[in-house]
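Please look through the sequence and the model shown here before reading the briefing that follows. The points after the opening paragraph are grouped by topic.

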Amino acid sequence: CENVYCKKCGSKAVIRLPYANLTLCAKHFSEWLETRVEKVIKEYKMISEKDVVAVAVSGGKDSTTLLHILKGLSERNGFDLVGINIDLGIDNGTKYSALSTELAVKNFELTHVRYKVIELKREYGFGIDEAKLKARRPVCSTCGLVKRYVLEEAAESVGANVLATGHNLNDMAVFVMSGYHTGDLQNLARLRAVSPAENGYIKKVKPLFLTSEKETATYAIVNKIPFIMDSCPNNPSVGGPTSDKLRRLIENTEDEIPGFMVRLVENFENKIRPFFEDLPKFNLGKCKMCGKPTNNDREICSFCALKIKMGGDSKDVVAK
Ligand code: SF4
Ligand code: ZN
Ligand code: ZN
């Protein structure tokens, strides 16, 4: 920020945070964000001392920032940290997945966090590029399904009891707004900062759910964290054009009404979502192939169904 000075020390500011009435230099902003994330983790009981936390790192600014902040906290608070990256097999001439994985690994090494990379194609027989051609659904919906399933499995395989992801405030605000807009209550009910371990699922936490994209990007840049700047070649289809417009609407509103996003998401989490806890839950069954939960009366889960479509493991099902 030009001619703007840190409120704490008077040196040149790198960020202006109108909703907190703050301008901060690199050092004081980093301290401020680390303290804030630590407070969120404590307040929402995301992580405790004896936990083994798997952190999902894609190589982007949010997840790499999360890794660095969690590393610092793990040293002070005693929990164990393991990094996870999925090489999704997205290329399309861009080497997107290869680069993302390379940056995730670079950050695991920089932070000295032990880690596991899951190469989708090698472990499960297909990558997202192939699924895009074969699975008859939007590529980002397939990719989301794959990420949820594989992260869960990877977290368990490294002995973690908590899975942390880098969803930021802007993502959360868009989810809340599109939930209101479409009236999809089940989706809103599932939108949680902390999902407890239940129905065979691991506990999942979003420590950056009140941290904006501007804040994660600034943290990554001022701390010289290497992250991938390119976006996925499938990016225009994330959530579709409506969700893009909602994102712009929300971000413009934030400029007009500083603090809008934090209040929207915090009030949703604390005051509104609890009402959804009484909604009738999906009737969860057990997948015949992998044993993970399935929706309603399906015999196999969506991930195993996808695997079959992609040409793997169909004999297993027949045999059962
Ligand atoms: Fe996956 Fe879509 Fe995100 Fe690309 S943009 S990583 S395909 S969800
Ligand atoms: Zn300062
Ligand atoms: Zn399954």
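## Briefing on the predicted model

Helix α2 passes helix α9 in a left-handed crossing, a term used when the near helix is turned anticlockwise from the far one by less than a right angle, while clockwise would be right-handed. This is a predicted model, in which local features need pLDDT of at least 70, side-chain atom pairs count only at pLDDT 80 or more, and totals for chains, interfaces and linings use all residues. Residues are numbered from 1 along each chain as its sequence is written, and chains are lettered from A and ligands numbered from 1 in the order in which they are written.

- Helix α2 covers residues 61-77 and helix α9 covers residues 213-222, and they pack at an angle of about 65 degrees with their axes 9 Å apart; axes are lines fitted to C-alpha atoms, for helices over the stretch in contact, and angles run from 0 to 180 degrees between N-to-C directions.

**Around ligand 1**

- Ten residues surround ligand 1, and the closest are Cys140, Cys143, Cys232, Asn234 and Asn235; a residue counts as near if its C-beta atom, placed from the backbone, lies within 6 Å of the molecule.
- Helix α6 (residues 139-157) gives the largest share of this shell, with four residues.

**The chain as a whole**

- The chain has 13 helices and ten strands, which are DSSP runs numbered from the N terminus (helices are H or I with at least four residues, strands are E with at least two).
- The radius of gyration of the chain is 20 Å, close to the 20 Å that the globule rule gives for 320 residues, so the chain is as compact as a globular protein of that length; the radius is taken over C-alpha atoms, and the rule is 2.2 Å times the number of residues to the power 0.38.
- Along the principal axes, the C-alpha atoms of the chain fill a box of roughly 70 × 45 × 40 Å.

**Cys301**

- Cys301 lies in the loop between β10 (293-294) and α12 (302-309), and touches Cys287, Cys290, Lys292 and Thr294, not counting residues up to four places away in sequence.
- Cys301 is buried, because 22 other C-beta atoms lie within 10 Å, and the cut-offs are 20 or more for buried, 12 or fewer for exposed, and partly exposed in between.

Note on methods. Contact = placed C-beta atoms within 7 Å.
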